[in-house]
Amino acid sequence: TSNCHVYGNIVLRAGTDGVLVHGGRNNVIENNVLVDCLSGLTYSNGIDGLMPPMAGFLSGNRFVQNVVCGSRQAVASFSMIPATQVWAQCDENLYFKIPSVPQHLETYRQWGMERHSRIADPLFLDPGQDDYRLQPDSPAYGLGFQPIPVGRIGPPTK
């Protein structure tokens, strides 16, 4: 999948990835809340071996201004393509309760990414009741995150 804008979603307790970019390019994953997923984001170049003309197609993607909390990993890769080719931009994300994040940030910062991303409590309103809206003083807002209009999510009510 390419040229998609994944924006304003709340993904909870996905048994796998919050978002998967599988061989695509120019996707924007922005302003999402990804909680208790196996990985907040996974990218893979699984098409390379199946379709040699597509080798290296996984590129130009953006992962920005997301909140990733409680996942086993922040970003997982099943790709031989360097992250610097996969991501045109990976920054301004807020991470919390993910053991691998310090190493992830250190590595990505060496590659010129995640320079403004932070590790901090996102200050959810009431996670015990699955209310993942953010409190007004959430550090995510300082990274450019915009409130998700949860009242507009789901089927329309009469």
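Predicted model: local features only at pLDDT ≥ 70, side-chain atom pairs only at ≥ 80, totals over all residues.

Visitor: OK, so in what order do the strands of the open sheet come?

Guide: The order is E2-E5-E8-E11-E12, 5 strands with parallel pairing. Strand E2 (10-12) and strand E12 (118-119) are the edges, each pairing on one side only.

Visitor: How many bridges join E5 to E8?

Guide: There are 3, between residues 33-35 and residues 67-69. Leu34 stands opposite Val68 there.

Visitor: Switching to the inside. Which residues touch the most other members of the largest nonpolar core?

Guide: Leu41, Tyr43, Phe63, Val75, Trp87, Tyr95 and Tyr108, out of 22 residues in that core. Helix H2 (101-110) is one of the elements that supply at least two residues, and H2 gives the most, with 3 residues.

Visitor: And what does Tyr43 touch?

Guide: Leaving out residues up to four places away in sequence, its contacts include Val21, Leu58, Val75, Trp87 and Tyr108. Tyr43 also forms one aromatic cluster with Phe63 and Trp87.

Visitor: How many aromatic pairs are there?

Guide: The structure holds 5. One of them is Tyr108 with Trp111, tilted, 5.2 Å centre to centre and 50° between the planes.

Visitor: Is Tyr108 buried or exposed?

Guide: Buried, because its relative accessible area is 6%, under the 20% cut-off. Trp111, at 42%, counts as partly exposed.

Visitor: Last one: which ring does the charged end of Arg25 sit over?

Guide: The ring of Phe57, 4.2 Å from its centre.

Technical notes. Residues numbered from 1 in each chain as written. Heavy atoms only, no water. Pairing = 2+ DSSP bridges. Helix = DSSP H or I, 4+ residues; strand = E, 2+ residues; numbered from the N terminus. Core = buried A, V, L, I, M, F, W, Y, C linked by side-chain atoms within 4.5 Å. Buried < 20%, exposed > 50% of the residue type's maximum accessible area, 1.4 Å probe, protein only. Contact = heavy atoms within 4.5 Å. Phe/Tyr/Trp six-rings, centres within 6.5 Å; stacked < 30°, edge-to-face > 60°. Lys NZ or Arg CZ within 6 Å of the ring centre and 35° of its normal.
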